[in-house]
Amino acid sequence: MCSLRSWPRVILGAALLLAAGALPRAAAARPAGAAGADSVRVNSYLWYAPAARTVHVALDAAVGGNNGGMNFNGRSGGGATITVPLGWKVRMRFTNQDAIPHSAIVIAGGPPVPAIPQTPAFAGAYTRDLTAGLNTGDGDDLNFKASAAGRYLIVCGVPGHGASGMWIRFDVAAEAGAPDYAM
Ligand SMILES: [Cu+2]
């Protein structure tokens with residue numbers, strides 16, 4: 001039996017459910033981990049902790065319609081450059097927002113991009129299911145140390161995607177004072 005007195009409790013319960021539902025979405029907008037007081041945010045995809053010499057990057061496949069969805073954070077064909085100082089730790093969270101599978105790997109050299117990129121430039125600088133790709137909404141972490149200066153590419157590892165433009169630039173520079181994200 002539903003008495004009139006139980007209604008406030010029902011409304012409170014609904015409000016709590018709504019609040020709980022809103023939390024994951026707010027958290028998802030941030031790169032892996034939350035930016036603390038000792039951190040610097042460069043844009044919505046990159047922030048870094050100077051003391052820890054750690055840069056956090058959110059790498060989303062298919063943000064908007066650029067290149068038919070074959071893009072990272074909305075850019076393709078080298079249309080964005082992430083720069084990291086030499087020796088810093090990189091914590092990159094890849095998430096596939098597309099209807100088709102994608103993945104990510106950091107490779108040395110290029111363009112041109114190999115048809116099937118398989119050799120990571122740094123240990124740990126690739127997602128699982130590199131060739132098959134991760135499904136819609138799925139994600140993985142690329143955690144590595146930017147241990148060698150140079151110019152690199154972040155490429156989708158699904159055969160043909162990189163060659164079709166699904167890549168952006170990743171520079172490791174000894175002279176870089178802080179991480180940057182140019183687009
Ligand atoms: Cu792809």
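## Close-up views of a predicted model

View 1. Thr81 stands opposite Ala182 in strand 10, where a strand is a DSSP run of E with at least two residues, numbered from the N terminus. This is a predicted model, in which local features need pLDDT of at least 70 and side-chain atom pairs count only at pLDDT 80 or more, while totals for chains, interfaces and linings use all residues. Residues are numbered from 1 along each chain as its sequence is written. Strand 4 and strand 10 (residues 180-182) run antiparallel and are joined by 3 bridges; two strands count as paired if DSSP finds at least two bridges between them. Strand 4 is also joined to strand 9, by 5 bridges, and these two run parallel, with Pro85 standing opposite Ala173 in strand 9. Strand 4 is mostly covered, since 4 of its 5 residues are buried, and a residue is called buried if 20 or more other C-beta atoms, placed from the backbone, lie within 10 Å of its own.

View 2. Strand 5 and strand 7 run antiparallel and are joined by 7 bridges, and Thr95 stands opposite Gly139 in strand 7.

**View 3. The largest nonpolar core.** A nonpolar core is a set of buried Ala, Val, Leu, Ile, Met, Phe, Trp, Tyr and Cys residues joined through C-beta atoms within 7 Å. The largest one holds 42 residues, of which Val57, Val106, Ile154 and Val155 touch the most other members. Several strands each supply at least two residues of this core, among them strand 2 (46-49), strand 6 (105-108) and strand 8 (150-155). Which strand gives the most to this core? Strand 3 does, with 5 residues.

**View 4. The protein as a whole.** The protein has 1 helix and 10 strands, a helix being a DSSP run of H or I with at least four residues. Of its 183 residues, 36% are buried. Among contacts between residues at least 6 apart in sequence, 67% join residues at least 24 apart, a contact meaning that two C-beta atoms, placed from the backbone, lie within 7 Å.

Methods: A residue is buried if 20 or more other C-beta atoms lie within 10 Å of its own, exposed if 12 or fewer, and partly exposed in between; C-beta atoms are placed from the backbone.
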